[in-house]
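Subject: Handover of a structure and summary of findings

Dear colleague,

Please find below the structure that I am handing over to you.

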Amino acid sequence: MVRFPAFEVERWMDTYETKAKYDLAETCALSIKLRELIELSYLDGEPPLEQSAVFDGKLGYGHINGSPKLRQRIAECYATSSEITKENILVTQGAISANFLSIIGLIQQGDHAVVVSPSYQQLQELPKTFGADVSFWKLKAEENWEHRTEELEKIVTKKTTLVIINNPNNPTGSAIPTETLKEIHDIVKRKAHPDAMILCDEVYSPLWHSIPQDEQVPASMLDFGFDNVLVTGSLSKAYALAGLRVGWIATKRKDLLQRFLGIRDYNIISVSGVDDELAARALGPKAKAALLKRNTTLARTNRAILAKWIDETKGVRWIPAKGGNTALVYLGDGIKDEDFCASLCETRGVNVVPAGLCFGHPGYVRVGYVGDTQQLKDGLVQIAEHLKSWK
Ligand SMILES: Cc1ncc(COP(=O)(O)O)c(C=O)c1O
């Protein structure tokens, strides 16, 4: 029988989220309201919800693989050169179910998988749970959390059937540059099993809010037109719409989408038709642009507050995040992150995630900084106070 190990970050959130006055653990850009979403959709000429087809339609299962309108709009999120159309998209319940389907649809007992680390525990744990031997492509703070391909080269073997990356990376907020994405593809083509796939979790894309001026904004792994690539995404993080529970798998490999659809029949059937309609509205050209502008502005404002706090707080340091909603912050030598975070939440109501427990980086905490700006400011003051009393 398949047994799932505890998903530490989800357990942590479940335990402390509701106790927190200052939520600096959330990984989504500050969520928007249904009313705001509907109003944004008027920019694209959508009618009020009460006048839409979904309002008067029956609440059946709807389109099993996602409505054509939604799939088309998801396809339009990728560069046109990638030959991606609605036929290359499978709609899922969030990126979590997109990753789940991709991994269990690809991994077989005895395979070898390579997974970037640190990253979201699901990406590391599922290949193991379903029988793969897993090697980690380790990012290091002393290398600025950069994705060094010489390290990848060392761990990919002829038995490697799946390489999993995450761009922007949760928890570090680091980026895989376009050139590195191509190198990853070359290494997999050259060294891995001939059928090997690359799964790139792009759930925080395109929230590239802080790429230095002399660097390019990273492409989607799908934008090169490679056949051996799956990209997962969702509306949760960059679009601030986690409550819709809409995500997707995008790939040129339609045969794999059929395989995943077959697995999905056993545990999802379809995404709610109401969510599907709202998601399609969120991805209308003007609504999408407005949402991304809002979230990019918020991310830049809040990141500057976090950066200033780090500069001014003794013993604390980070590698500045380039994208996404999270960063790893080192709190100082000898701090047991799990004890510190539990006490911080219990006594001062600030929730941050202990990165030793959840990401294998003791002494660090993960800060989700693209939430409410005032909560971030107040929460950081509390953390500084707690640090003083802790040492
Ligand atoms: C890297 C990564 N992938 C996937 C998910 C799942 O997101 P959702 O199912 O809300 O799209 C998360 C959530 O934190 C994440 O950080």
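**Findings**

Pro354 stands opposite Val365 in β13. This is a predicted model, in which local features need pLDDT of at least 70 and side-chain atom pairs count only at pLDDT 80 or more, while totals for chains, interfaces and linings use all residues. Residues are numbered from 1 along each chain as its sequence is written, and side-chain values use heavy atoms, with hydrogens and water left out.

β12 pairs with strand β13 (residues 364-368) in the antiparallel sense, over two bridges. Helices (H or I, at least four residues) and strands (E, at least two) are DSSP runs, numbered from the N terminus, and two strands pair if DSSP finds at least two bridges between them. Both strands belong to an open, antiparallel sheet of four strands in the order β9-β10-β13-β12. Its edge strands, β9 (317-318) and β12 (353-354), each pair on one side only. Strands of a sheet pair through backbone hydrogen bonds, either parallel or antiparallel.

Strand β8 covers residues 247-251, and five of its five residues are buried; buried means under 20% relative accessible area, exposed over 50%, and partly exposed in between (1.4 Å probe, protein chains only). Gly247, Ile249 and Thr251 are buried on one side of β8, and Trp248 and Ala250 on the other. Strand β2 (residues 89-92) pairs with β8 in the antiparallel sense over four bridges, and Val91 has Trp248 in β8 as its bridge partner. β7 also runs antiparallel to β8, joined to it by five bridges, and Leu230 stands opposite Thr251 in β8.

**Thr232**

Thr232 is found in strand β7, which spans residues 229-234. Thr232 counts as buried because its relative accessible area is 0%. Its side chain makes a polar contact of 2.8 Å with the side chain of Asn99. A polar contact is a pair of N or O atoms within 3.5 Å; within protein, one must be able to donate a hydrogen and the other to accept it, and residues adjacent in sequence count only if both atoms are side-chain atoms. Not counting residues up to four places away in sequence, Thr232 touches several residues (heavy atoms within 4.5 Å), including Ala98, Ser102, Asp201, Trp248 and Ile249.

**The ligand**

The ligand is surrounded by 15 residues (a heavy atom within 4 Å), and the closest are Ala95, Asn170, Asp201, Ser234 and Ser236. Helix α5 (residues 94-106) gives the most to this shell, with four residues. By type, the shell divides into five nonpolar, seven polar and three charged residues; Ala, Val, Leu, Ile, Met, Phe, Trp, Tyr, Cys and Pro count as nonpolar, Asp, Glu, Lys and Arg as charged, and the others, Gly among them, as polar.

A polar side-chain atom of Asp201 lies 2.6 Å from a nitrogen atom of the ligand. A polar backbone atom of Ile96 is 3.0 Å from an oxygen atom of the ligand, and an N or O atom in the side chain of Lys237 is 2.7 Å from an oxygen atom of the ligand. The protein covers 94% of the 400 Å² of accessible area that the ligand has on its own (Shrake-Rupley method, 1.4 Å probe; for residues, only the protein chains shown count as cover).

**Phe340**

Phe340 lies in helix α12 (residues 337-348) and counts as buried, at 0% relative accessibility. Leaving aside neighbours within four places in sequence, Phe340 is in contact with Leu331, Ile335, Ile383, His386, Leu387 and Trp390.

Yours sincerely
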